[in-house]
There are 2 protein chains.
Amino acid sequence: MDICRLSAEAALARMETGDLTARDLVQACLDRIADREDAVGAWTFLDPDLALSQADAADQRRRDGQAGPLNGIPVGIKDIIDTADQPTENGSRLCAGRRPDRDATLVTLLREAGAVIMGKCVTTEFALSAPGKTRNPHDPARTPGGSSSGSAAAVGDFMVPLAIGSQTGGSMLRPASFNGVYGLKPTFGTISRAGMSPLSRRLDHPGIFARTPEDVALAARVLMRRDPADKDMRGHAGLGEADPLTAAPRLMFVRGPAWDRGEADMQRAIEDLARGLGDVVQEAELPPVFDAALACHGMVMNGSVVQALGPYYDRDRAGLDPITADRIERGLTVTSREYLDALYQAEAMQDALAGVFDGIDAILTPAAPGQAPRDLSRTGDASFNGYWTLMGAPAASLPLLKGADGMPIGVQVVCPWGEDAKLLRICRWLSDKVGEWR
Amino acid sequence: MDICRLSAEAALARMETGDLTARDLVQACLDRIADREDAVGAWTFLDPDLALSQADAADQRRRDGQAGPLNGIPVGIKDIIDTADQPTENGSRLCAGRRPDRDATLVTLLREAGAVIMGKCVTTEFALSAPGKTRNPHDPARTPGGSSSGSAAAVGDFMVPLAIGSQTGGSMLRPASFNGVYGLKPTFGTISRAGMSPLSRRLDHPGIFARTPEDVALAARVLMRRDPADKDMRGHAGLGEADPLTAAPRLMFVRGPAWDRGEADMQRAIEDLARGLGDVVQEAELPPVFDAALACHGMVMNGSVVQALGPYYDRDRAGLDPITADRIERGLTVTSREYLDALYQAEAMQDALAGVFDGIDAILTPAAPGQAPRDLSRTGDASFNGYWTLMGAPAASLPLLKGADGMPIGVQVVCPWGEDAKLLRICRWLSDKVGEWR
């Protein structure tokens, strides 16, 4: 197996026994990037020497018995997340050449765990919908999705085993679905956003891409740390340990309020999956309060994006991509009454969701409308993700389905608030049970 | 001493030794009300038989060894707080004859502690600024302040030893100042608002009026209880115990951004007080971020009031007092961007305030612009209170100053977030040191 195809877990095991060095691993990833970057365009900044020097430092730490839990593992960082040693341009001309003074908290945590901050991955402009240069590694005519386009594509194309993205609508799980990788949008407030360009304090979630659920857990264990600099973090102590699954999890298949926006091959594939799992899966619909879920997410997002990006808009509207400017403009007329009404309606949905989970371990639901669209001018539809983001419950996309053209399609699995560790166990169970895409 | 003039603490001590019954106490308060209500107008609902039957039940509990910490103590309840056995009309024609199904959480807690729910105290319409019938008990030509008009006047006029009010701008501490009583607006999220008519989830604080700091503490100990039905409560476990003051508290006199709205006699009186306390008091001004404090509070309040009261406005604008309708209308054009900007600016003030408290136990600052105005068509200016409400820090008004006409003027004391018990100790220390109004 090519070294660049190793999971982080497997690479760590080899480094632990001395069969692999961090330099070898990082060099293998750099070689893969050199081969493939022209076709994929996952990176907006990459300095091979900087990456290799971090790898050498990691190898030295291992020799010194100082190896952290991600020692020597290369990680891609979405370019809305600040790095002190690499530019952070938020995917926008307005931030061209921007060099932050300091690392985002999550980057600090990765460095403390020994990770190699490999480079900066392409984001749509300010993590909204104006695409960057990235193409889908499985078909360069197709979008990789967004906004975490480069992060998902880099992991899907074996350029790095791990990458960090973020989700406000569907910016983690849609690209995870399109690129055939695992994506975790953890419980709201479990990973610090300090040092990340904001869209919405109510909705922004950093997340993790990897090619195995175990690698997601490895990174989550490092990143889920309370940070006073992010005022919206809850008292989450960390990923925690989930009890091993002694029996099959009890799953509920939910089509959800976005179902009609799905494509026929996706709908068929996930219905087949649910049916194929037999007694483990029951079917249900969400309570009526969720009828307003898509509108509510849109209102909260528009109403807060305008606050977060308004200063850029005021300063230089013409410098923004028209897609970005349009999105900000949709927020200009949102009133505080509309915003708060939507916020409190979302709370009613959260209360109702607690009832839905009664007797159930996890919800199965689509992660995206279908295969990645053959359209590089947009990043696809986030309708299957936004309302789950609004719920704040942990959600993952698993690369379990195949579309009409053989492209990956994700399955979204949602667990109750705070049950991220359990969610990752269920991901493993499901992947073993039904087999991954490919 | 008239029984109706006893503090709750003194009445409880007498009931404990058998020198007083709850029936005697409640009857004495009813007699005082019968004497004075025509002049003061503190009550919107009062059923003497209902009050006496609760008193008899309290006496029975005491005989049975079941007396709670407020057993037999009559408490007035602001009429925006639901009571299942008494109407709750929110001071509005639109709610005339309204009978809630159940008690507000705080009423339940009072009943569990043995209190007699004496009756419903006059509120301005929906706790905004349209006055009810209440007059200042110290001068019937003057306003009692608002919005907790009846609660403060009832305590100030010896009709009850304790009453519950609420503050979104200055609705507790302004009437406390005008009526010569102690008022506590506790730390945000320490007393449940479930069952209370909302104005702003970000700003609404239930509070306590009494004639001694010890009585305030007695009620606070009962009411500070976490309630899942109020989603904005923090993990506050209760009032807690403050360490006894082994030395004089370190105080800081702050004029604050509303100073210029103060009247000359108030300004002189509080400056004299601060000077008279000597070395215990240093002077300082708040950091520049507080320059926007009054505007910020106004924006958050207008932006959320329109959400809370919008449905009444939509249904029957003409049924509202024009003062109420006007206030709601000020919120109609608030955008989510303006609202969120103000909210996040308030957070920056909260951060800065933590620095202000460095080496300081409490802030001394005005509680109101001066004596209660001779104007029954309005309830006075809340500028000295609103920005402290926005901070969420615990604040009390102490009846320590006297105005040009001999009317009471309060001193506001503010402690760091969560230090409510310490605040009440400092109130006692200050009252002992300088002597109360009268």
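Strand β7 (residues 251-253) of chain B pairs with β8(B) in the parallel sense over three bridges, and Phe253(B) stands opposite Glu283(B) in β8(B). Strands here are DSSP runs of E of at least two residues, helices are runs of H or I of at least four, and both are numbered from the N terminus. Two strands pair if DSSP finds at least two bridges between them.

This is a predicted model, in which local features need pLDDT of at least 70 and side-chain atom pairs count only at pLDDT 80 or more, while totals for chains, interfaces and linings use all residues. Residues are numbered from 1 along each chain as its sequence is written, and chains are lettered from A and ligands numbered from 1 in the order in which they are written.

The β7(B) and β8(B) strands belong to an open sheet of eleven strands with mixed pairing. Its edges are β1 (43-46) and β8 (281-283) of chain B, each with a single partner strand, so one side of each has no neighbour in the sheet. Chain A also has an open, mixed sheet of eleven strands. In that sheet, β4 (residues 162-167) and β6 (residues 205-210) of chain A run antiparallel and are joined by six bridges; Ile164(A) stands opposite Ile208(A) in β6(A).

| Sheet | Strand order |
|---|---|
| chain A | β1-β3-β2-β4-β6-β5-β10-β11-β9-β7-β8 |
| chain B | β1-β3-β2-β4-β6-β5-β10-β11-β9-β7-β8 |

In chain B, helix α2 (residues 22-40) packs with helix α3 (residues 48-63) at an angle of about 155 degrees, their axes 8 Å apart. That makes α2(B) roughly antiparallel to α3(B). Axes are lines fitted to C-alpha atoms, for helices over the stretch in contact, with angles from 0 to 180 degrees between N-to-C directions; an angle over 145 degrees counts as roughly antiparallel. Among the residues that meet are Val26(B) and Leu30(B) in α2(B), and Leu52(B) and Ala55(B) in α3(B). The contact divides into eight nonpolar, one polar and three charged residues. Ala, Val, Leu, Ile, Met, Phe, Trp, Tyr, Cys and Pro count as nonpolar, Asp, Glu, Lys and Arg as charged, and the others, Gly among them, as polar.

Between the chains, 15 residues of chain A are in contact with 15 residues of chain B, where contact means C-beta atoms, placed from the backbone, within 7 Å. On the side of chain A that touches chain B, α9 (293-316) and α11 (336-356) of chain A each supply at least two residues. The largest share of that side, six residues, comes from α11(A).

Conventions
Two residues are in contact if their C-beta atoms, placed from the backbone, lie within 7 Å. Angles under 35 degrees count as roughly parallel, over 145 as roughly antiparallel, 65 to 115 as roughly perpendicular and the rest as oblique.
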